[in-house]
Amino acid sequence: MIDAILDRKWLASLLFALLLIILWQCMDVFELLPSYVLSPWDILDALVATTVDGTLPLASVQSVLLQLSGFAVGAIAGVVLGLTAGVSRWAEDFIDPVVSLTYPLPKIALFPVVVIWFGYTDFSRALVIATSCFFPVFVNAYAGTRSIEPRLLWVARNADAGKARIFLQVILRAAMPAVSNGIRISLALSFILTYATETLGASAGGLGNMIEDGFNDLQYGPLWAGIVAFAILGLVADRIWGRLSALWTRGQLVEAMGRV
Amino acid sequence: MERAHADDLTEVAAGLTHSLDELSVSVTDLTKVFRRGNREVTALDGVNFTARPGEFVTVLGPSGCGKSTLLHILGGFESASTGSVEVFGKSVTGPGRERGMVFQSATLFPWWTIQRNVAWPLEVGGMGRKASRARADDLLELVGLTGFGDAYPGELSGGMQQRAGIARTLSLEPQVLLMDEPFGALDAQTRELMQEELNRIWQASGTTVVFITHDIYEAVFLGDRVLVMSGRPGRIVADISIDLPRPRGHDVKGSPEFSDYHARLWNLLRDEAIASEFLSRD
């Protein structure tokens, strides 16, 4: 019986999550939770309330727009420059030292400078998010391109394939799993940075602001509603990307794990 | 179906090898010197040999004797330091479709199915998607992989991957097939089966084959001729014709003639192997 349930992985993990939620709810029933930790039921209540009055959907849309714009710019720049540095010695000499120097810097530390320049605007926020998202994608795209099995390139040259074809059909495909991993890391980072930049400065809007306001005004309902909304958005984004990249890298997944 | 296809390949090969006295492969005074820092390592030192169209030549040598380097130069992936390499009268200056390489590992593109892998060189050559896939299916049949076209390389065993790799190289319709210890990474049973398969495929295709190995059984079983290479720097120290009847089945390996060839080659190779194992450490 238990084996049968464990065989269905999603069912097992669903049951485990359900168990934790029930445990959490029980702690509330026995008054073991502090006032600022709401029970699952109260959080559901807050989610419904903030959805009905429109604050949660509005904040979610604001956050997702900010997150997506920063993430997209950073990820695209990371893919383009990472692949370029991977295939061109010249570009590598140019880009790599700059990236190595700026990589360890926590990009959120640049926010004050950006704000002095562009003010507390969504542009400033997106800029910091993009900068953060750039690095994991760049590093992975670069490494993925560099670590291509040289014999695969020989196979392509044996077939007399042109440079553009080799880039698109061999190098890019070979680098896809690494690129996809970098994008996945950046996707998670983009939510973290969205929250961080939304809490800084007045009238930012978005889920980060909603959470911050809840904290300042002791409104734990909206605070928890914002946290849960972030969790759901992050999960959905990660799953969508996971599915997409599995389509692109199916053969490589098979090679790595023996099955899909 | 398979028979018809085999005839088809033979015709192609016959068309390419119109002149019988033309040499398929001609290597003259080939040397290769690698520079490692300010040291020079001579990998090949005055290699000479020729192969006739449709001939199966095996190159046997101790490890590190430069036999892979020789094949890479024939393939056009490395350049010779001095000397000349010609294939059907044309000087080799880079990789080309008329010289198909098969590596020790199958080196299939893991992101494509087996069928697409075999069809890809045809696509590159300008054949349409549908025609190239139909042709790939024919080649997969030739190497005994019918029904595996939709599998990804990662789903196949090492032997099956290598068959697919051979089919992909055959799709180039090469005049010369260059094989670099293609069965070296396979287990003993699979290797024996693959040797028999290769015999069959080669007889069906009629291409010239230059086959690198360190396995004496393999060299004798497959080759019309066995070239024995010395330890580094590599030179060809013997050129032995293998007059065993064709087609060769596995039973030929038990024949007294086979044992004679084996003993003769081992005598030649033994000294070279000892030299490369104990003397040329660097």
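In the predicted model, chain B divides into domain 1 (2-98 + 176-279) and domain 2 (111-173), with bounds taken from an automatic or database domain assignment. The C-alpha centres of domain 1 and domain 2 of chain B are 24 Å apart. Local features need pLDDT of at least 70, side-chain atom pairs count only at pLDDT 80 or more, and totals for chains, interfaces and linings use all residues. Residues are numbered from 1 along each chain as its sequence is written, and chains are lettered from A, with ligands numbered from 1, in the order in which they are written.

The contact between these domains involves 15 residues of domain 1 of chain B and 14 residues of domain 2 of chain B, two residues being in contact if their C-beta atoms, placed from the backbone, lie within 7 Å. On the side of domain 1 of chain B that touches domain 2, two or more residues each are given by α1 (2-16) and α6 (188-205) of chain B; helices are DSSP runs of H or I with at least four residues, numbered from the N terminus. The largest share of this side, six residues, belongs to α6(B). Its residues comprise nine nonpolar, three polar and three charged (nonpolar: Ala, Val, Leu, Ile, Met, Phe, Trp, Tyr, Cys and Pro; charged: Asp, Glu, Lys and Arg; polar: the others, Gly among them).

Between the chains, the contact takes 20 residues from chain A and 20 residues from chain B. The side of chain A that touches chain B receives two or more residues from each of α8 (150-158), α9 (163-199) and α12 (250-257) of chain A, and α8(A) provides the largest share, six residues. Seven nonpolar, five polar and eight charged residues make up this side of chain A.
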